[in-house]
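Me: Please take a close look at a single part of this model and describe it in one connected answer.

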Amino acid sequence: MSRSTAINRQGMIRGLNQSLMSGANISAPLISGAPIGHRLFVSWPLAMAAIAAIGVALAGQLLDTPRTR
């Protein structure tokens, strides 16, 4: 991620990425634990698969656009 930005912003991008990853590592068990606690064993994997599919679609759109440097 940081290589696609200007050299003077690479540290900021890496720090933002690490902050988002830390937030995801904290919130993911809480979010996935609630449906499991209510015995919804099928719905939470389907929801996570839908979120992953949305991420793949967005990444595909971003990677298809040509960038000029």
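Reply: Ile26 is exposed, with a relative accessible area of 60%; exposed means over 50%, buried under 20%, and partly exposed in between, using a 1.4 Å probe and protein chains only. This is a predicted model, in which local features need pLDDT of at least 70 and side-chain atom pairs count only at pLDDT 80 or more, while totals for chains, interfaces and linings use all residues. Residues are numbered from 1 along each chain as its sequence is written, and side-chain values use heavy atoms, with hydrogens and water left out.

Ile26 is found in helix 1. Helices here are DSSP runs of H or I with at least four residues, strands are runs of E with at least two, and both are numbered from the N terminus. Helix 1 covers residues 10-37, and its 28 residues reach 41 Å from first C-alpha to last, close to the 40 Å expected; the expected span is 1.5 Å times one less than the number of residues. At Ser27 helix 1 bends by about 30°, and Pro29 follows within four residues. The bend is the angle between axes fitted to the seven residues ending at a residue and the seven starting there.

Ile26 also belongs to a nonpolar surface patch of about 530 Å², together with Leu30, Ile31, Met48 and Ile51. Helix 1 gives the most to the patch, with three residues, and helix 2 supplies at least two.

In contrast to the exposed Ile26, Ile13, Ser32 and Pro35 of helix 1 are buried. Helix 2 (43-64) is part of what covers these buried residues.

Key: Contact = heavy atoms within 4.5 Å. Patch = residues over 30% accessible without salt bridge, like charges linked within 9 Å, V, L, I, M, F, W, Y side chains within 5 Å. Areas by Shrake-Rupley, 256 points an atom, 1.4 Å probe, with all protein chains shown as cover. Salt bridge = Lys/Arg side-chain N within 4 Å of Asp/Glu carboxyl O.
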